[in-house]
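Please open the model in your viewer and display it as a cartoon.

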Amino acid sequence: MQNASGLLETYASYVPALIVRSQALATAPISAPTAEHFPAAILFADIAGSTALAERLCQRGAIGAEALCDLLNKYFRQLINTVTAHGGDVVKFAGDALLATWPAKDADEDLPTVTRRAAQCGLELQSKLHSYEVDKGMYLSMRVGLGAGEVMVATVGGVRGRWEYLMAGAPLVPLSLAVQQAEPGQVVAPPEAFVFLQGHFAGQGLPDGSVWLGAAHNPLPLRALPEAIAPPGSEAALRSYVPNSILPRLEAGLAGRLAEHRCTTVLFLR
């Protein structure tokens with residue numbers, strides 16, 4: 001079992017920096033749903049090739065499950081590090097996809113600037129991780145979509161002390177459509193986001209009006225996401241955002257080392 005200091009650091013690593021910073025400003029633990037609106041750039045990275053990788057490693061049994069966990073962790077670690085190096089905050093993982101944001105709610109940088117940062121991040125992700133060999137003869141890549149505009153972030157739930165952090169808003173709709181137009185290795189921006197990128201990036205128009213981004217002209221200097229320091233005593237507040245399914249392993253100091261394959265039936269509704 002980890003000590004209190006170790007647990008605080010572990011919990012903080014599993015939630016967005018926006019939440020960690022909100023805890024530093026909070027005068028009391030959250031007790032009711034909340035919502036906040038602000039302009040932001042959004043990046044959605046959809047991993048391509050993970051299903052084929054899982055099917056191939058599944059044939060190795062338990063050893064294959066452990067190998068799959070290690071390979072995906074290594075890939076996502078590079079993805080996360082690149083996002084934070086460009087000033088982005090990872091908000092959510094959904095299966096083999098990642099959602100990150102660059103808020104423009106302070107006077108520090110405006111929406112056009114953070115949208116350029118998100119676009120530069122997307123291009124570097126593709127430079128580093130497109131057709132990336134995770135194991136001998138096995139590759140992963142990704143499709144990247146960008147969005148920009150007014151978003152809402154909400155904390156919902158509260159049942160049995162569990163809270164979930166969600167992002168919604170108009171930019172997510174054209175972003176999701178743009179990702180569908182992208183091929184592995186591409187960064188695609190809908191018109192609503194490209195308006196902030198025009199003149200700063202090469203681009204090729206797509207039939208739906210989205211733009212496939214090329215090289216950046218006069219790219220902005222890197223600006224890493226500032227470290228979010230969880231205040232002492234916020235263990236319980238941060239713990240309430242961590243999924244119950246992984247809490248026992250985190251608190252035992254195992255941090256996701258357990259992996260297995262199970263036969264399941266899956267229903268997907270859109």
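This is a predicted model: local features need pLDDT of at least 70, side-chain atom pairs count only at pLDDT 80 or more; totals for chains, interfaces and linings use all residues.

**The whole chain**

Helices (H or I, at least four residues) and strands (E, at least two) are DSSP runs, numbered from the N terminus.

Residues are numbered from 1 along each chain as its sequence is written, and side-chain values use heavy atoms, with hydrogens and water left out.

Orient the view along the principal axes: the C-alpha atoms fill a box of roughly 55 × 50 × 35 Å. The chain exposes about 14,300 Å², of which carbon and sulfur atoms supply 57%; accessible areas come from the Shrake-Rupley method with a 1.4 Å probe, and for residues only the protein chains shown count as cover. Of the 270 residues, 42% are buried (buried means under 20% relative accessible area, exposed over 50%, partly exposed in between; 1.4 Å probe, protein chains only).

Select residues 132-135 and 138-157, which are strands β4 and β5; they run antiparallel and are joined by three bridges. Two strands pair if DSSP finds at least two bridges between them. D135 has M138 in β5 as its bridge partner. Two residues lie between the strands of this hairpin, and G137 in the turn has a positive phi of about 75°.

**Helix α6**

Next select residues 172-181, helix α6, and show the side chains of its buried residues P174, L175, A178 and V179. Seen down the axis of α6, these buried residues fall within an arc of 145°, so they line one face of the helix. The arc is that of the directions from the helix axis to the C-beta atoms. What covers them? The cover includes β1 (34-48), β5, β7 (187-189) and α7 (191-194), where contact means heavy atoms within 4.5 Å.

**An aromatic pair and its helix**

Two aromatic pairs are counted, the rule being that rings of Phe, Tyr and Trp (its six-membered ring) pair if their centres lie within 6.5 Å; planes under 30 degrees apart count as stacked, over 60 as edge-to-face and the rest as tilted. Select F76 and F93: their ring centres are 5.5 Å apart and their planes are at 75°, so the pair is edge-to-face. F76 belongs to helix α4 (residues 62-85) and F93 to strand β2 (residues 89-94), 17 residues apart. F76 is buried, with a relative accessible area of 11%, whereas F93 is partly exposed at 42%.

Remain on α4 and select L72. L72 is partly exposed, at 21% relative accessibility. Leaving out residues up to four places away in sequence, L72 touches L53 and L140. A C-alpha to C-alpha distance of 8.8 Å separates L72 from D96, 24 residues apart in sequence.

**A last stop at S234**

Finally, select S234 in the loop between β9 (211-216) and α8 (235-239). Is S234 buried or exposed? S234 is buried, with a relative accessible area of 6%. Apart from neighbours within four places in sequence, S234 is in contact with L8 and Q23.
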